[in-house]
Amino acid sequence: MPNHLQLTHLQQLGRAVKQAQYRQHRALENALAAAGTTLAQWDALRAIARTPGASSHDLAVATFQTDQAFGTLANRLVAQGLIERRAGEGRRIEHFLNQQGEHILASGNEIANQVLADKFAALNATEQKQLLKLLTRLVESDQTDE
């Protein structure tokens with residue numbers, strides 16, 4: 001069982017990770033508005049581009065959303081003319097980017113790359129790789145929440 005000092009250190013670590021994530025998300029949200037999208041929409045477009053034809057459930061998992069929240073988001077993306085939904089096998093609905101969605105995704109990627117370069121500029125390339133390695137190890141070691 002961790003002692004009081006270890007617990008304080010772990011809480012500080014958890015808070016630092018959350019602060020970094022919050023600031024990154026806020027910066028991305030503000031910058032992506034210039035491309036006419038939001039962080040949630042851009043993330044959904046990225047997920048669809050990575051796995052064309054994916055189901056709503058698979059895309060919800062990939063974007064850290066509930067099935068219902070992703071369904072609402074997908075409806076907005078359809079209404080904005082960014083994606084197409086097609087009937088798949090059984091009750092499955094498959095998702096695909098259309099040309100406008102690809103354009104918004106590309107614009108969003110350029111913006112995100114700049115924001116992330118700015119956010120991680122305090123770390124040199126070696127430190128960035130090490131941070132990625134450490135965070136990847138944490139994610140891969142704890143798959144209980146999925």
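Which residues lie nearest the centre of the largest pocket? The legends below start there, and please keep in mind that this is a predicted model.

**Figure 1. The centre of the largest pocket.** Nearest the middle of this pocket you will find Gln21, Gln24, His25, Phe64 and Leu135. They belong to a lining of 41 residues, and the space inside comes to about 2,000 Å³.

**Figure 2. The lining of the largest pocket.** Sorted by class, the lining holds 21 nonpolar residues, along with eleven polar and nine charged ones.

**Figure 3. Where H2 crosses H4.** A pair of packed helices is described by the angle and the distance between their axes. Here the axes of H2 and H4 (residues 67-79) come within 11 Å of each other and cross at roughly 90°, which makes H2 roughly perpendicular to H4.

**Figure 4. Side by side at the H2 and H4 contact.** From H2, look for Ala40, Gln41, Ala44 and Leu45. They meet Phe70, Leu73, Arg76 and Leu77 of H4. Six residues of this contact are nonpolar, one is polar and one is charged.

**Figure 5. The whole protein, for orientation.** Six helices and two strands make up the elements of the protein, and from the N terminus on they follow the order α-α-α-α-β-β-α-α. The C-alpha trace spans about 55 × 35 × 25 Å along its principal axes.

**Figure 6. Confidence along the model.** The average pLDDT of the protein is 93, and 92% of the residues score at least 70. Confidence is highest in H2, at a mean of 98, and lowest in H1, at 90.

Notes:
Residues are numbered from 1 along each chain as its sequence is written. This is a predicted model: local features need pLDDT of at least 70, side-chain atom pairs count only at pLDDT 80 or more; totals for chains, interfaces and linings use all residues. Side-chain values use heavy atoms; hydrogens and water are left out. On a 1 Å grid over the protein atoms alone, a cavity is a set of points where a 1.4 Å probe fits but cannot get out, and a pocket is an open set with protein on both sides within 12 Å along at least five of seven lines; lining residues have an atom within 4 Å of a point. Grid points are joined across faces, edges and corners, and a volume is the space filled by probe spheres set on the points. Ala, Val, Leu, Ile, Met, Phe, Trp, Tyr, Cys and Pro count as nonpolar, Asp, Glu, Lys and Arg as charged, and the others, Gly among them, as polar. Axes are lines fitted to C-alpha atoms, for helices over the stretch in contact, and angles run from 0 to 180 degrees between N-to-C directions. Helices (H or I, at least four residues) and strands (E, at least two) are DSSP runs, numbered from the N terminus. Angles under 35 degrees count as roughly parallel, over 145 as roughly antiparallel, 65 to 115 as roughly perpendicular and the rest as oblique. Contact means heavy atoms within 4.5 Å. pLDDT is the predictor's confidence in each residue, from 0 to 100.
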